[in-house]
Amino acid sequence: MIADLRQIKAISFDLDDTLWDCASVIRHAERTCYEWLVEHAPRVTESFDAAALLRRRAQVLEVQPELVGDVTKLRKTMLEQTLAEFDYGSDVAEAAFNAFYVARSQVQLYEGCIGLLEALSQQYSVAAITNGNADLSLIGIDHLFQSVHMADLDNPAKPHRFMFDRCLEEFDLPPSALLHIGDNPQTDVAGAQALGIQALWFNSQKIVWPEALPRAQFEVESLSEMHELLLSTE
Ligand SMILES: [Mg+2]
């Protein structure tokens, strides 16, 4: 597959584990949500410790597997069902979700992230294509993206082509003019390449590329390396 940065007019970014570490912020948000429940819905936390509450998520998925593509709806459903069992209303579930969601946006951006996005947005159209639910305005970087695509029940998650197609339509570009950047070999790299979109694999975890998949056109292990690759050729 071609690897030609000169054709690139737009860049789409995965978010979780591409611009910040995901696992640590989700752990923090789940802790924050549980502490909120201790205070506002104690009948739940008297019966469920934090780990037991998290297992409810898997139980919801067993009954409604389609929610795997909509992480917001999945967590709201889990909270609503659990709180309802203890006679708390949907307003309490909504507030508990908000406690989670605000904390979920307290991400630690990787070093150099803002500078890179600022520089790229001078030269390219920049989009976000995420299977997660981070709120870019709460994070304070929404002004650096012209377009944001988030998976939910109506927007199938990557590697499905839906959000990639929407991004190309919005920018009115052919696939070869988009570069998608992400950490996941399957959802980001293979998903983009299936449509003829060039892919940059952000491998900050230094994992081994899965042999069964064709490699990305570009690979970097840090944002500074990415900066150099994308901005030093002009
Ligand atoms: Mg990711």
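Reader: Why is Asp-188 called buried?

Author: The model is a predicted one. Asp-188 has a relative accessible area of 1%, and buried means under 20%, so Asp-188 is classed as buried.

Reader: What makes the pairing of Asp-188 with Lys-158 a salt bridge?

Author: The closest N and O atoms of Asp-188 and Lys-158 are 2.8 Å apart. The criterion asks for a side-chain nitrogen of Lys or Arg within 4 Å of a carboxyl oxygen of Asp or Glu, and therefore the pair qualifies. Asp-188 belongs to helix α9 and Lys-158 to the loop between β3 and α8, 30 residues apart.

Reader: Is Lys-158 buried or exposed?

Author: Lys-158 has a relative accessible area of 4%. The limit for buried is under 20%, so Lys-158 is buried.

Reader: How do you know that Glu-221 and Lys-206 form a salt bridge, and which parts of the chain does the pair tie together?

Author: Their closest N and O atoms lie 3.7 Å apart, and the cut-off is within 4 Å, so the term applies. Glu-221 sits in the loop between β6 and α10 (223-231), and Lys-206 in the loop between β5 and β6; the pair therefore ties together parts 15 residues apart in sequence.

Reader: Why is Glu-221 called partly exposed, and why is Lys-206 called exposed?

Author: Glu-221 has 36% relative accessibility. Buried means under 20% and exposed over 50%, with partly exposed in between, so Glu-221 takes the intermediate label. Lys-206 has a relative accessible area of 54%, and because exposed means over 50%, Lys-206 is exposed.

Reader: What makes Asn-203 buried, and which residues is it in contact with?

Author: The relative accessible area of Asn-203 is 6%, and the label requires under 20%, so Asn-203 counts as buried. Asn-203 is found in the loop between β5 (198-202) and β6 (218-220). Leaving aside neighbours within four places in sequence, Asn-203 is in contact with Val-220 and Glu-221.

Reader: Why are β3 and β6 called edge strands?

Author: The open sheet has six strands in the order β3-β2-β1-β4-β5-β6, with parallel pairing. Strands β3 (147-150) and β6 each pair on one side only.

Reader: How do you know that β1 and β4 pair?

Author: Four bridges join β1 (residues 10-13) to β4 (residues 178-182). Pairing requires at least two bridges, so the two strands meet the criterion.

Key. Residues are numbered from 1 along each chain as its sequence is written. This is a predicted model: local features need pLDDT of at least 70, side-chain atom pairs count only at pLDDT 80 or more; totals for chains, interfaces and linings use all residues. Side-chain values use heavy atoms; hydrogens and water are left out. Buried means under 20% relative accessible area, exposed over 50%, partly exposed in between (1.4 Å probe, protein chains only). Contact means heavy atoms within 4.5 Å.
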